[in-house]
Amino acid sequence: MSQPLAPTEHFERRDGSIERQIRLGETIVGRSALPVAAEGAPDPHDLAAAHDQAWLRLPTAPSLAPGAAPVRVVDLFSGCGALSLGAAEACRALGKRFEPVLAVDIEAWAVQTYGRNFPGGQAVQDSVLSFLGPDGLRADTLGRLTGGVDLLIGGPPCQGHSDLNNHTRRDDPKNELYNSMARFAAVLEPRWILIENVPGAQHDRSGVVQRTWKQLGAMGYRLAGGVLEGVDIGVPQRRRRYFMLASRDRQPPAVATIQAALQQPPRPLSWAVADLLDAPVSADAYDSPSTHHPRNQRRIAYLFQHQLHDLPDPQRPACHRDKPHSYKSVYGRMHWDKPAQTITTGFGSCGQGRFVHSQRQRTLTPHEAARVQFIPDHFGFGPQRRGALQAMIGNAVPPRMAYALCLALMAGA
Ligand SMILES: C[S@@+](CC[C@H](N)C(=O)[O-])C[C@H]1O[C@@H](n2cnc3c(N)ncnc32)[C@H](O)[C@@H]1O
């Protein structure tokens, strides 16, 4: 049996813009364009990089062809909506219209941000579990969802899948959060499903990933699952995530096939943030770096004075100084010409990873971290506190990763 094709991207320069074509084999299944002022006749990878960089820097969301067919979307554990943003970009690439129906997150800041960026649907602050009754979705939930759902997406929280506390794992309610995707699917019967988690979720002792897979298979879905590395498809950051894809229409391509079809050379930190180097520091937390304790500010200065990227042990706190450790990247300075390490919710602290800016004596601003996460300037966080920004940005699924997988689910449909 032949393997399902994954969509590919092709870029062409037009007057003042770059056109993106999506092809399935030889068939063009979508066209979209972005205004780009780039000069010259660059190779295809440069055109792709110029297109994506222009998308990241766009101050307002790109417009859609009028009359595009709607894709009705439910996003569970939505966070700020980065997974939805990637799905929306896949819709745009295929000439479809992303229509938000319902987003659910337990945090107020997340639903505020989701609602701001995806108006028209309902963004609800609640636990996903409270939507579920013993026999499926509660009647009042179903009432919200009249009109059907095409795409169900979600990134359940991943702390429950750490390797700690294996003996209590079977009873960890966090595992059931993952399985709630299948419980929603049983009632909503969406055409497509995308579930995101850390790679370790596959090895969860309670087998929640395998159980969810089986349940979706029994409902008639065809499934694919695998780990996608963001840096391989143009995210300027190393980030590996496990995705499960399910489709009622056809067998989804393997994740490795999707990755190979959208392969890009590694994009360095400078690609993502060079234009923000001396952006005016604002009163708003989004464009200002964290303030560090004087001890940490001295550590940052030391890296620059000695042109280092790793902080030597004698400059570290006692817990690193006095015994062997494997935290080389902690207190580290980022490399301008290499992809960033995984952005976490700790990106504002030099003691939580390699988050010191490559060229300036500070850590990344939330704006810079958002760019490294492939979140564009036209995504509005609004006035939020630093902690909320760090949680939303650090937890986000880079929209380019969500785009790649949603494109593979929906292309040709
Ligand atoms: C990994 S993040 C999701 C990121 C999101 N998919 C994105 O791309 O922006 C997990 C989210 O689940 C939310 N969460 C945790 N427990 C929850 C629950 N019981 N019900 C709803 N949301 C929950 C957290 O607040 C967090 O925003």
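A cavity is a set of grid points where a 1.4 Å probe fits but cannot get out. With that idea in hand, let us walk through this structure, which is a predicted model.

How many cavities of 30 Å³ or more are there? The count comes to one, and the volume of the largest cavity is about 80 Å³. Its lining is made by Arg-20, His-51, Asp-52, Trp-55, Glu-89, Phe-374, Pro-399, Arg-400 and Tyr-403. Two helices, H1 (44-57) and H13 (399-410), each give at least two residues to that lining. Sorted by class, the lining holds four nonpolar residues, one polar and four charged.

Helix H2 (82-93) packs against H13 at an angle of about 50°, and the two axes lie 7 Å apart. H2 is therefore oblique to H13, and their crossing is right-handed. On the H2 side, the contact is made by Ala-82, Leu-83, Leu-85, Gly-86, Ala-87, Glu-89, Ala-90, Cys-91 and Ala-93; on the H13 side, by Pro-399, Ala-402, Tyr-403, Cys-406, Leu-407 and Met-410. By class, these residues of the H2 and H13 contact divide into 13 nonpolar, one polar and one charged.

Now turn to a second pair of helices, H3 (residues 108-117) and H12 (residues 386-395), which pack at an angle of about 70° with their axes 10 Å apart. Because angles of 65 to 115 degrees count as roughly perpendicular, H3 and H12 are described that way. Here, too, the crossing is right-handed. Where do the two helices meet? Trp-109, Ala-110 and Thr-113 in H3 touch Ala-388, Ala-391 and Met-392 in H12. That contact of H3 with H12 has five nonpolar residues, one polar and no charged ones.

Our last stop is the largest pocket, with about 830 Å³ of space. It has 37 lining residues, and those nearest its centre are Phe-77, Gly-155, Pro-156, Pro-157 and Asn-395. Helices H2, H3 and H12 and strand S10 (192-197) are the elements that supply two or more residues to the pocket lining. Which of the elements gives the largest share? That is H12, with four residues. As for class, the lining of the largest pocket has 18 nonpolar, twelve polar and seven charged residues.

Conventions. Residues numbered from 1 in each chain as written. Predicted model: local features only at pLDDT ≥ 70, side-chain atom pairs only at ≥ 80, totals over all residues. Heavy atoms only, no water. 1 Å grid on protein atoms, 1.4 Å probe; cavity = no way out; pocket = protein on both sides within 12 Å on 5 of 7 lines; lining within 4 Å. Points joined across faces, edges and corners; volume = space filled by probe spheres on them. Nonpolar A, V, L, I, M, F, W, Y, C, P; charged D, E, K, R; others polar. Axes fitted to C-alpha atoms, helices over the stretch in contact; angles between N-to-C directions. Parallel < 35°, antiparallel > 145°, perpendicular 65-115°, else oblique. Left-handed = near helix turned anticlockwise from the far one by under 90°. Contact = heavy atoms within 4.5 Å.
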